[in-house]
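Subject: Model for you to look at

Hello,

Here is the structure I promised. Please open it alongside this note. My findings follow below.

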Amino acid sequence: MKIIISNSSSTPIYQQIKNAIIGQIMNGELKEDEKIPSIRSLAQDIRISVMTIKKAYDELEQEGYIITRQGKGSHVAPKNTELAKEQAQKDIEMYIEKIVDISNRFEIDENDVIEMFKILYREEL
């Protein structure tokens, strides 16, 4: 599992770890039921506190991305299509917020933005 931490990011380290794991689950790099590194092992690999990794894993488990079993470690949870859809919607919202910001900054009309979207969306079909 590859996780890159940015010390200059305003995002907390545990959140960077969590986001990296979610990203790998969503793009299929981590498969359903695949074992992920133990908290201690990952902490040693990326030189981060065990408590930071634990916080990331706890949140991943609470949100249904991983399952931890005593004595067996942590594994990627079975894919929850609703969870995946929710994550995709959050990603889309983030991009839309950027589009709105840019269009407002440069005074690009909402209808023009919608038309661009429709054109690009049709090209993908």
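In which helix is the place of methionine 51? Methionine 51 sits in helix α3. Helices here are DSSP runs of H or I with at least four residues, strands are E runs of at least two, and both are numbered from the N terminus.

Some ground rules. This is a predicted model, where local features need pLDDT of at least 70, side-chain atom pairs count only at pLDDT 80 or more, and totals for chains, interfaces and linings use all residues. Residues are numbered from 1 along each chain as its sequence is written, and side-chain values use heavy atoms, with hydrogens and water left out.

Methionine 51 has 58% relative accessibility, so it counts as exposed. (Buried is under 20% relative accessible area, exposed over 50%, partly exposed in between, with a 1.4 Å probe and protein chains only.) Its C-alpha lies 8.5 Å from that of isoleucine 39, 12 residues away in sequence.

Now the helix pair. The axes of α1 (residues 13-26) and α3 (residues 50-62) come within 8 Å and cross at roughly 45 degrees. Axes are lines fitted to C-alpha atoms, for helices over the stretch in contact, and angles run from 0 to 180 degrees between N-to-C directions. The two helices are therefore oblique to each other; that class is what remains after roughly parallel (under 35 degrees), roughly antiparallel (over 145) and roughly perpendicular (65 to 115). Contacts (heavy atoms within 4.5 Å) include Ile17 and Ile21 of α1 among the residues that meet an α3 set including Ile53 and Tyr57.

Next, the sheet. It is open, has 3 strands in the order β1-β3-β2, and pairs antiparallel. β1 (35-36) and β2 are the edge strands, each with a single partner, so one side of each lacks a neighbour in the sheet. α3 packs on the sheet and touches β1, β2 and β3; its direction makes about 110 degrees with that of β2. Pairing requires at least two DSSP bridges between strands. β1 and β3 have 2; β2 (residues 66-69) and β3 (residues 73-76) have 4. Histidine 75 in β3 is the bridge partner of lysine 35 and of isoleucine 67. β2 and β3 form a hairpin with 3 residues between them, and glycine 71 in the turn has a positive phi of about 80 degrees.

Last, serine 74, in β3. At 7% relative accessibility, serine 74 counts as buried.

Best wishes
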